[in-house]
Amino acid sequence: MTTNYSARLFAGDEDIRAIGTGLLARTLPREAWTHEAHLGACLWLLSERPDIDVDAEIADIIRGFNESVGGVNDDTQGYHDSITRAYVAGVRLFLSETAATGLAERVNAMLLSDVGRRDWPLRFYSRELLFSVPARRGFVEPDLAPLP
């Protein structure tokens with residue numbers, strides 16, 4: 001269940017805002033859409049874009065971006081609803097507990113926290129359920145522990 005990797009941290013607030021605005025405008029290069037970019041964009045959306053209802057819009061935002069860069073959203077690739085919803089819950093939890101104030105400071109602290117781990121959703125889901133087609137296509141309740 002543990003993955004060892006070094007988080008790629010952000011140099012400044014503008015780097016995170018560029019990812020978020022590029023995601024929304026569908027101008028972000030595909031190779032820039034990394035694990036860290038996903039989490040940075042989520043934190044940016046939740047903390048700096050109150051005009052966007054993340055719960056209602058995140059699926060369409062990411063699906064649309066994926067398609068704009070030639071990606072496919074199907075049973076095996078592209079947007080994964082349960083993973084996304086788990087991380088949205090995790091980012092909200094992190095925001096409620098952090099004392100960090102700057103955007104990059106918050107995102108980098110989150111990336112270095114448990115929530116920032118690539119395997120964080122596996123604390124709540126069995127691998128079999130999380131990587132199932134139903135969990136990719138729509139939100140499936142966790143089978144190991146409730147999300148925060």
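Q: How many aromatic pairs does a search of the whole structure find?
A: The search finds 3 aromatic pairs. Keep in mind that this is a predicted model.

Q: What's the geometry between Trp33 and Phe65?
A: Edge-to-face. The centres are 5.5 Å apart, and the planes make an angle of 65°.

Q: Which parts does that pair tie together?
A: Trp33 sits in the loop between H1 and H2, while Phe65 is in helix H3, so the pair joins parts 32 residues apart in sequence.

Q: Trp33 and Phe65, buried or exposed?
A: Trp33 is buried, and Phe65 is buried too.

Q: Next pair. Why is Tyr87 with Trp120 called tilted?
A: Their planes are at 35°, so the pair counts as tilted. The ring centres are 5.8 Å apart.

Q: Where are those two in the chain?
A: Tyr87 is in helix H4. Trp120 is in the loop between H5 and helix H6 (127–130).

Q: Which residues do ring pairs link into a cluster?
A: Tyr87, Trp120 and Phe124.

Q: You listed Met110. What is it in contact with, leaving aside neighbours within four places in sequence?
A: Leu39, Leu43, Val91, Phe94, Val115 and Gly116.

Q: How many residues of helix H5 are buried?
A: 7 of its 9, so mostly covered. H5 spans residues 103–111.

Q: Which ones?
A: Leu103, Ala104, Arg106, Val107, Asn108, Met110 and Leu111.

Q: What covers them?
A: The cover includes helix H1 (13–25), helix H2 (35–48) and helix H4 (81–97).

Q: Last one, Thr84. Where is it?
A: In helix H4.

Q: Is Thr84 buried or exposed?
A: Buried. Its relative accessible area is 13%, and the cut-off for buried is under 20%.

Q: What does Thr84 touch, not counting residues up to four places away in sequence?
A: Ile58, Ile62 and Tyr79.

Conventions: Residues are numbered from 1 along each chain as its sequence is written. This is a predicted model: local features need pLDDT of at least 70, side-chain atom pairs count only at pLDDT 80 or more; totals for chains, interfaces and linings use all residues. Side-chain values use heavy atoms; hydrogens and water are left out. Buried means under 20% relative accessible area, exposed over 50%, partly exposed in between (1.4 Å probe, protein chains only). Helices (H or I, at least four residues) and strands (E, at least two) are DSSP runs, numbered from the N terminus. Contact means heavy atoms within 4.5 Å. Rings of Phe, Tyr and Trp (its six-membered ring) pair if their centres lie within 6.5 Å; planes under 30 degrees apart count as stacked, over 60 as edge-to-face and the rest as tilted.
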